Amino acid sequence: MKPTLSSTTLSLALATVTITGCSGGAETGQRDTSSGAFREGLPPTVRDGDKLALTDTTVDYMLALRSAAIKLTGSYPTLAEIQELQTSPDQPSTYAARIDQYLNRSCSAAQPNCFATQQISFWRNTFHMGGADTAGTPVAMQEFAPTYAAMLVVNEQPITNLVNASSGTCPTFSVSTGAFSTGANTCASGNPTVGVISDQGVQAQFTSSMAFRRTRWLQETFMCARFPAEQNGAKVSYPGGVYQSPWPWNSFSGSESIGANARVDFQVKDGLICGNCHGTMNHIAPLLGKFDSNGIYKAGNAFQVTTPITGTPTTVLTDWLPSTEGFGWRFGQTVADLPALGAAIAADPGFSRCMATRVWNWAMSRGDVVNDGSAITDDLATSLTTQFVADNYNMKKLVRRVFTDPTFVRY
Amino acid sequence: MRKVFTYFKSLAGLGLVTSLGLLGAVSCSNETLPPDDNTPTMTPPTEVMTAPQPTLAFEHDGTLAPVGNVFADGTTLPDSQSQRLHYCGKIHFQNLGTILSRRGVNIAKSGTQACSPTNAFDCTAGNLYTNGNLILGQANYPARSSESDRSTTGGIVRMQDILIGAAEELITTGNPNGTFGAATDCAGAKLFNDTPVACNPDGFACFVGVPLTAAQLQLCSQMVNDSQNTDPLVAKRLTLAAVAATIYLCD
């Protein structure tokens, strides 16, 4: 028989909610406009918790340990860890040492959760793909990219390898030994290796007409921003809006640059200015257009994606660009092939800022930088990325820095 | 018969209200007053007046929606403030399972439920957890959907149910104080003291991952001694679930 809640018990439970959730209002920005007797009767620290949350945070290493343990190990701290910190005469040092231990703790058969598994989970959610811990039917090849990213972090290799490594991007992870495979881990697809950009699982997961979804994935995953990516061009007004991409108006396909034979008109300007996004996108997408819907790269001149017009024909270059136009990551940054694209992404200042933002948001339980718009300020970004780049893009060090940051331990 | 008449009268009333509502809506959107006898009838336009629309041959994955998520984290506070706050993130589905299992709760799915003589429904923590993966926000990667960052109302309710199920496993007739097993992360600790009956700081600290404050502990002990709870085991289970559920809300 299920126990039932008495009204007294419920009241106490609700009061507990109020106590434990005192900073909840601030994050949602909601303001209680009612001024009922109940609210007025609350202690100021509870009643005005949302207002005080911003100005009255206090250092709380116990709460910080709980949050860090969940994110870095996948579980709460053990009783021994809680008691160690609780009774420590030097909580900052004890806490920092515990963070180091969490970061270096290996998985084992008895301890199947560790920093490596948490990192794999982090990257699955960042990449929107994974071969485990999912509803639906897991797709095995979707696990390589998150596992590779996690390996770079755990083994303290430059995270720029994500977009420009030329080998070894398909490792596996053994929970029982706590190790990533270090053999050839050659990807079975036979695709050329350019970090995870050429990963079969990535290319299959984000397949779409004209490779635009793959292009968008690159932009949002590694630049942490949606298209339009470039808005620094001379502003030109059209009935449908203002064109402000730096790419010349006739550098992408449409009724003016191609003429009447254009199969897709990206130069529409009477309802929406497609070129603001597609000025950039169309210079990247052809590089991703030679992977078929299963993510397999097909050498040769033919593209493997289709154009969504009558008959859904195979896309040709002029569906994206005039035939004289080259590829590019950004205006003025020509890229001839996938390795050049990867190098351009790695060198983009937006890449390091994006990685720093993702780690910060993860630690602070903020929403996704793209979907929720949870950005960080230039000051914070600069302070994080300066050291991150100096550490040769060592993301594990970045994680440690964030989880021991004075802001992280304040509640 | 009277009941039927009343029903139709209600429908008629509803129709009137709806009509008035529609009229109001139309009036508002056109910013015109309804015509009266002295107002000349408006001549309908000779051509269809529609805003120019782009030819969107492509599925844009919703990125061109005119209104984004107004409740998104990034729209609630300036970055300079929001970046300094810990948000209330949902405990990931997989991590929730790990946390519970390392505290001695069986999260495996069992076979036939026997919660009720007439209905089969999930009542163990394991079944509530494993069958609640979608409501608890687990990722659906084949659909390009990551684990959700926030709990839903349904997810929070499911969490409460799971914790009640967990409490029933941890606090039993044979283990009325909820002493944790030796193989758990809380080995040696117990959830409740005997005399007087009170919440044990170590046991609760380990179960929720952080020591309770003095006020929370006091509230906890007050709850378990609530005179309306005549069954001591039920009192302890409800107390554990109530306290834990509020703290398990956030990661």
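Student: How many of the 15 residues of H17(A) are buried?

Tutor: This is a predicted model, in which local features need pLDDT of at least 70, side-chain atom pairs count only at pLDDT 80 or more, and totals for chains, interfaces and linings use all residues. Residues are numbered from 1 along each chain as its sequence is written, while chains are lettered from A and ligands numbered from 1 in the order in which they are written. A residue is buried if 20 or more other C-beta atoms, placed from the backbone, lie within 10 Å of its own. Helices are DSSP runs (H or I, at least four residues), numbered from the N terminus. In H17(A), 13 of the 15 residues are buried, so the helix is largely enclosed by the rest of the structure.

Student: How many residues does the contact take from chain B and from chain A?

Tutor: Two residues are in contact if their C-beta atoms, placed from the backbone, lie within 7 Å. Chain B contributes 71 residues and chain A 78 residues. On the chain B side, H8(B) gives the most, with 7 residues.

Student: Where are the domains of chain A?

Tutor: Domain bounds come from an automatic or database domain assignment. Here domain 1 covers 115-201 and domain 2 covers 206-344. Their centres, taken over C-alpha atoms, are 28 Å apart. Their contact takes 13 residues from domain 1 and 11 residues from domain 2.

Terms used: Helix = DSSP H or I, 4+ residues; strand = E, 2+ residues; numbered from the N terminus. Buried ≥ 20, exposed ≤ 12 C-beta atoms within 10 Å, placed from the backbone.
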